[in-house]
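Please consult the sequence and the structure while reading.

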Amino acid sequence: MFTTAAVATNVCALPVGTILDRYGPRVCGIIGSLLLAIGAIFFAFASQAPFDGYIPGYLFLALGGPFVFISSFQLSNTFPRHSGLILALLTGAFDSSSAVFLFYHLIYNASQHTFTPQKFFLVYLIVPICICIAQFTFMPKHSYKTVGELVTHAEDPANDIQPSIDNHIDDEAHLARLREERRQRRESIIDEITSLLSRKGEEGDKRTKQEERKKHISGVWGALHGRSAVQQIRSPWFILITFFTVIQMTRINYFVATIRTQYEHLLSSHDKAVQVNNFFDAALPLGGVASIPVIGLVLDNTSTPFVVGLLVTVATTIGVLGVLPYLWAAYANIILFVLYRPLYYTAVSDYAAKVFGFHTFGRVYGLIICLAGLLNFSQSGLDALTHKAFGGDPIPVNVMLLVLALAVGVALVGFVWFKSRKMERDKLEDEAEGATEQLMPEPNGEVMDGDR
């Protein structure tokens with residue numbers, strides 16, 4: 001059931017992203033709350049149903065999560081200076097959600113099994129109800145966008161042409177008038193944004209400076225902003241981060257699903273493996289919470305090449321610790337893993353937002369996670385390989401995944417670092433060209449163009 005739910009969660013990221021880009025976060029939130037409610041009802045009455053209600057319950061809960069989670073990423077644009085911290089809070093909450101069921105397990109045992117799953121999941125219905133209420137009250141109907149994204153989108157003349165509508169209009173004169181109206185509306189939006197920023201005065205300047213600071217620190221901010229989703233998907237920016245995400249997500253979910261059996265072999269002790277597994281169950285939600293401030297500081301104050309390099313370095317360290325047959329290595333591995341997992345998920349979404357922008361974020365990020373989810377079916381093959389080909393020894397498979405992740409990770413870091421340097425050089429060249437346009441005084445007191 002875990003593999004099915006994990007794959008469903010990741011694969012549905014693509015339709016979630018498409019709905020998010022087309023209809024906005026409110027529609028996504030409402031759909032997510034309905035799916036969560038259906039899943040909770042299935043779980044509540046599974047024991048009374050004439051079929052196995054736990055599987056559809058598990059599936060609907062898995063499908064509901066991404067609709068709520070992914071549609072929340074756009075909230076990072078509310079405070080651009082702290083966008084990394086906001087993403088870290090969202091990811092930390094996502095990782096810590098497993099604590100809800102850990103606490104239920106403890107309550108279930110403490111109540112002598114009187115607080116049944118039916119009671120718990122009927123109480124759990126409060127969650128989707130609150131999400132739905134929030135969508136209609138204070139949550140935004142449309143995704144927040146940065147000032148730069150709004151202006152870039154409004155300035156694009158391609159927005160004057162809408163094939164889905166224009167192809168059904170036969171009257172050329174009417175079509176020309178319609179496109180002219182779109183052009184005028186587009187220019188009006190640009191004027192409104194400019195006017196709003198000028199009226200805001202210091203506040204507008206502050207927001208602009210925050211976005212400029214964010215661009216400068218990232219080093220790759222806006223690399224593909226304004227491009228179509230197809231252009232972005234065909235770029236090395238997308239291909240490399242997708243390969244890295246596929247390998248890392250497979251490693252993460254494979255470890256979560258097989259941690260006990262792996263350490264039974266590595267430590268040659270069932271009791272020690274259970275001890276390590278119990279520690280992991282408690283540490284996983286705690287790691288999501290503990291890592292929030294650190295992730296926020298890292299994403300808001302370091303460059304994207306540095307963040308990607310950090311991901312590769314920590315992932316490699318985890319891979320090495322994961323093949324050492326020592327109890328201390330097992331605990332070190334788990335501590336690093338539970339801190340790395342939220343950093344990894346947050347960094348990938350942060351990378352997508354900075355490189356691709358929020359105009360196409362849903363489709364591009366959704367496709368990355370969807371492809372990673374589809375290839376998560378390989379977990380079954382990896383598990384079979386471990387037990388049948390290697391006699392239960394997890395080291396060969398873990399080493400194979402480690403080498404693949406390191407190779408792709410090094411390629412990703414090299415590419416992002418090279419592009420950030422190139423973007424910095426291009427920016428300096430543009431500034432230099434702009435400086436030559438300034439008027440310079442001649443010896444006789446007259447002025448001349450600096451580029452004469």
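**Burial, surface and helices**

Of the 452 residues of the protein, 45% count as buried. The model is predicted: local features need pLDDT of at least 70 and side-chain atom pairs pLDDT 80 or more, while totals for chains, interfaces and linings use all residues. Residues are numbered from 1 along each chain as its sequence is written, and side-chain values use heavy atoms, without hydrogens and water.

Q: Why is Leu-374 called partly exposed?
A: Buried means under 20% relative accessible area and exposed over 50%, with partly exposed in between (1.4 Å probe, protein chains only). Leu-374 has 42% relative accessibility and therefore counts as partly exposed.

Q: Why is Arg-421 called partly exposed?
A: Arg-421 has a relative accessible area of 44%, so Arg-421 is partly exposed.

Q: In which helices do Leu-374 and Arg-421 lie?
A: Helices (H or I, at least four residues) and strands (E, at least two) are DSSP runs, numbered from the N terminus. Leu-374 belongs to helix H19, residues 361-374, and Arg-421 to helix H21, residues 395-435. The protein has 21 helices and two strands.

Q: What separates the C-alpha atoms of Arg-421 and Val-220?
A: A distance of 8.9 Å separates these C-alpha atoms, although Arg-421 and Val-220 are 201 residues apart along the chain.

Q: What share of the contacts between residues at least 6 apart in sequence joins residues at least 24 apart?
A: Contact means heavy atoms within 4.5 Å. In the protein, 76% of those contacts join residues at least 24 apart.
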